[in-house]
Amino acid sequence: MSATYELRGPVAVITLDNPPVNGLGYDTRKGITDGLDKAQADGKVKAVVITGAGKAFSGGADIREFGSPKALQEPNLLSVILAVEACTKPVVAAIHTVCMGGGLELSLGCHYRVAAPGTQVALPEVKLGLVPGAGGTQRLSRVIGVENALNMIVSGEPVKSELLAMAPGQKLFDRMIDGDLLAGAVAFATEVADKRPLPLVRNLKAEHPNPDAFFQFARNTVGAMSKNFPAPLQCVETVAASVYKKFDEGMKQEREAFIALMMTPESRALRHAFVAERATTKIPDVPADTPVRDVKKLAVIGAGTMGGGIAMNFLNAGIPVVMLEMKQEALDKGVAIIRKNYDAQVKKGKLKQDKLDARMALLSTTLNYADLKDADMVIEAVFEDIGVKEQVFKTLDEVMKPGAILASNTSTLDVNKIASFTKRPQDVIGTHFFSPANVMKLLEVVRGEKTAKDVLATVMALGKKIRKTCVVSGVCDGFIGNRMIEQYSRQAGFLLEEGCTPQQVDKAVEKFGFAMGPFRMGDLAGNDVGWYIRKRRYLEKPDLRYSKTADLLCEMGRFGQKTGAGWYDYVPGKRDAIPSALVDGMIEKHRAELGITPRKISDDEIVHRLVYALVNEGAKIVEEGIALRASDIDMVYLTGYGFPLHRGGPMCYADTVGLFNVAAAMKRFAQNPHDDAAFWQPAPLLARLVAEGKTFS
């Protein structure tokens with residue numbers, strides 16, 4: 001049983017005990033109702049306290065039961081709350097640390113609530129594409145006011161208990177308790193033991209002085225901010241029901257909205273992302289209790305945009321960084337950019353000046369490799385050339401202390417080869433940050449053949465400390481993200497040859513939900529980066545065909561925003577991408593030289609060729625063991641490549657469409673004489689899943 005029962009004088013204490021956050025799984029729910037029955041039957045019990053063991057009252061639903069029969073098995077949460085309300089003895093919720101989702105809804109069903117200061121209180125269901133489903137929209141508005149409740153429910157963000165306790169007229173907390181919460185809750189329960197009638201939140205009124213105007217304003221505002229997600233607007237409607245309808249009618253509307261949203265692809269995508277992010281930390285052969293190495297000082301090789309961004313992550317986490325460059329001018333420029341980034345945060349009110357000063361004080365610079373000898377870990381962020389990497393790692397092997405972790409920020413190169421440049425390959429690992437490194441959430445952690453388990457565990461823990469979403473990748477050209485994006489980019493090039501313009505492709509992809517289309521992305525990243533990689537590919541993989549349009553663009557010196565011209569034209573000081581007649585002419589001329597008659601290509605074909613290219617390559621990556629699971633690929637694309645969150649990532653999207661339909665589309669694409677027929681043969685894993693009627697998930 002995931003709930004315990006004990007007596008403290010005349011008070012029965014039911015303690016939720018389902019680590020780590022006392023999720024309201026079946027056993028916990030059953031423990032609550034059994035405890036209530038026991039308290040009801042015991043004439044000596046005058047009141048009941050419900051609290052949570054460890055570091056939470058309750059974080060809500062138990063994610064381990066998502067999608068399983070136990071999630072709906074009686075007593076479900078609604079039944080538990082009804083049992084609490086129906087208890088003839090006062091039930092007091094003793095809230096602490098974390099009180100979220102179903103945990104908050106459970107407490108709102110109790111007759112009284114006492115809380116410890118600093119408790120994080122939230123109804124975060126909207127982040128899973130849902131409305132609260134156990135009375136949250138109906139009860140919260142009755143205890144903290146309609147506007148406060150709507151703000152909490154639509155944002156899903158936590159609010160500290162002491163702030164809520166200060167809200168005028170609030171009826172959420174009957175008492176704030178400093179010190180021993182349980183002792184205070186038992187004392188409070190004893191005080192109210194004989195008070196009748198027992199107060200119920202459902203009997204309170206949810207009121208607003210001008211509800212029609214308020215809710216219309218909320219619909220307009222929330223609708224504009226959540227166009228791809230239906231849940232926020234449903235939150236507005238269900239909170240409105242708390243004002244306009246009787247309690248039971250509002251509950252019915254809330255439940256209907258919850259069930260309808262549960263079936264939407266957007267909610268499935270958000271729930272998938274929620275579970276997938278937690279799954280990234282699970283490495284089958286590296287147990288959670290694997291000892292980690294101390295990283296108290298970090299070194300970064302390279303003070304460019306990437307090196308400076310990487311350094312900022314560690315400075316933000318309070319870890320001293322020494323940054324190395326070959327020339328003082330490069331060091332000075334790098335430090336100036338870091339300070340400029342921090343200054344911008346101070347101007348926006350996101351950082352205080354004393355924090356800026358503290359972070360900059362942790363940064364030191366050097367021109368001498370010998371000054372890195374005390375660092376516990378070093379990350380190189382130098383030019384993406386294997387010869388340059390060899391030189392750097394041979395030097396690091398000589399100067400770094402034994403046990404120091406040697407990491408490469410390479411985005412495509414062979415980490416095993418890089419490790420072979422040292423006498424300590426077990427200490428070498430890939431840490432592929434994404435630009436801008438101080439902003440982007442994704443960190444691809446590349447595990448070499450000889451990377452030690454404690455090195456991998458250390459880097460994963462360090463990634464969490466610097467607030468990155470870490471995804472483990474095996475070694476291959478481009479790892480997970482860049483290996484897949486190459487196929488996406490190849491398809492984008494073929495689309496130009498067949499009749500599209502760069503802006504048509506970008507608009508179709510952005511309408512689908514990507515933050516940026518492939519050609520705007522190329523201009524932002526620098527088209528010369530892709531050109532450099534393609535030149536290497538022409539030698540290594542002569543059979544792999546690319547459209548020549550991107551090479552022709554680079555031969556014109558159009559490298560993107562940094563040169564003021566790429567696939568688009570740019571005005572100095574502005575980021576607006578202006579369609580280029582010069583580029584359109586180049587594409588038309590190249591198309592004519594190939595003897596291709598342009599055709600009209602639909603937005604659907606554009607999107608499916610680009611996205612299914614990701615899916616097919618992703619299936620190969622999973623089968624080869626480069627990615628541990630398909631959901632890891634989704635996290636790479638959601639956090640590093642701007643894939644639309646409401647689609648859940650490429651592999652989740654393929655599951656939503658249906659793998660049979662994905663494979664059928666690939667077979668059609670293979671018939672296109674101007675495409676790469678060999679690539680469009682469904683990957684073995686994809687073909688097998690289709691044959692077995694299974695999904696990536």
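## Salt bridges

The count of salt bridges comes to 39. The model is predicted. One of the bridges joins the side chains of E380 and K389, at 2.9 Å from N to O. Both E380 and K389 are buried.

E498 and R599 also meet through their side chains in a salt bridge, with N to O at 2.9 Å. This pair links distant parts of the chain, 101 residues apart. E498 sits in helix 18 (residues 481–498), and R599 in the loop between helix 23 (581–594) and helix 24 (603–623).

## A link between helices 24 and 28

The side chains of E623 and R688 form a salt bridge at 3.0 Å, N to O. Here too the pair links distant parts of the chain: E623 is in helix 24 and R688 in helix 28, 65 residues apart. E623 is partly exposed, because its relative accessibility is 36%. R688 is partly exposed as well, at 37%.

Salt bridges also form a network. Its members are D477, E486, R536, R537 and E540.

## Around N672

N672 lies in the loop between helix 27 (659–670) and helix 28 (684–692). Its relative accessible area is 14%, so N672 is buried. Which residues does N672 touch, not counting those up to four places away in sequence? They are E498, R599 and R609.

A577 is another matter. N672 and A577 are 95 residues apart along the chain, and their C-alpha atoms are separated by 31 Å.

## Around G522

G522 belongs to helix 20 (residues 518–525). With 17% relative accessibility, G522 counts as buried. Leaving aside neighbours within four places in sequence, G522 is in contact with N527 and F559. Q561 is 39 residues from G522 along the chain, and the C-alpha atoms of the two are separated by 9.2 Å.

## Helix 5

Helix 5 has buried residues V146, A149, L150, M152 and I153. They lie on the same side of helix 5, because they cover an arc of only 165° around the axis. What do these buried residues pack against? Their partners are strand 7 (120–122), helix 4, strand 8 (159–160), helix 6 (161–165), helix 8 and helix 9.

## Helix 9

Helix 9 spans residues 231–244, 14 residues in total. From its first C-alpha to its last it reaches 20 Å, close to the 20 Å expected at 1.5 Å a residue.

The buried residues of helix 9 are A231, P232, C235, V236, T238, V239, A240, A241 and S242. They pack against helix 4 (136–144), helix 5 (146–155), helix 8 (211–225) and helix 10 (247–262).

## Backbone exceptions

Most residues other than glycine have a negative phi, and most peptide bonds are trans. Some residues here depart from that pattern. T97 is not a glycine, yet has a positive phi of about 55°. T97 is in the loop between strand 4 (91–95) and strand 5 (98–100). At 34% relative accessibility, T97 counts as partly exposed. R467, also not a glycine, has a positive phi of about 65°. R467 lies in the loop between helix 17 (453–465) and strand 17 (469–473). With a relative accessible area of 73%, R467 is exposed.

Where are the cis peptide bonds? One runs from P19 to P20, with omega near 5°. P20 is found in the loop between strand 2 (11–16) and helix 1 (26–41). Another runs from S435 to P436, with omega near -5°. P436 is in the loop between strand 15 (428–433) and strand 16 (442–446).

## A nonpolar surface patch

I63, F66 and V275 form a nonpolar patch on the surface. Together they have about 210 Å² of accessible area. V275 is placed in helix 11 (residues 265–279). V275 is partly exposed, with a relative accessible area of 38%.

Notes. Residues are numbered from 1 along each chain as its sequence is written. This is a predicted model: local features need pLDDT of at least 70, side-chain atom pairs count only at pLDDT 80 or more; totals for chains, interfaces and linings use all residues. Side-chain values use heavy atoms; hydrogens and water are left out. Helices (H or I, at least four residues) and strands (E, at least two) are DSSP runs, numbered from the N terminus. The expected span of a helix is 1.5 Å times one less than its number of residues. Buried means under 20% relative accessible area, exposed over 50%, partly exposed in between (1.4 Å probe, protein chains only). Contact means heavy atoms within 4.5 Å. Patches are made of residues with over 30% relative accessible area and no salt bridge: like charges are joined within 9 Å, nonpolar side chains (Val, Leu, Ile, Met, Phe, Trp, Tyr) within 5 Å. Accessible areas come from the Shrake-Rupley method with a 1.4 Å probe; for residues, only the protein chains shown count as cover. A salt bridge is a side-chain nitrogen of Lys or Arg within 4 Å of a carboxyl oxygen of Asp or Glu. The arc is that of the directions from the helix axis to the C-beta atoms.
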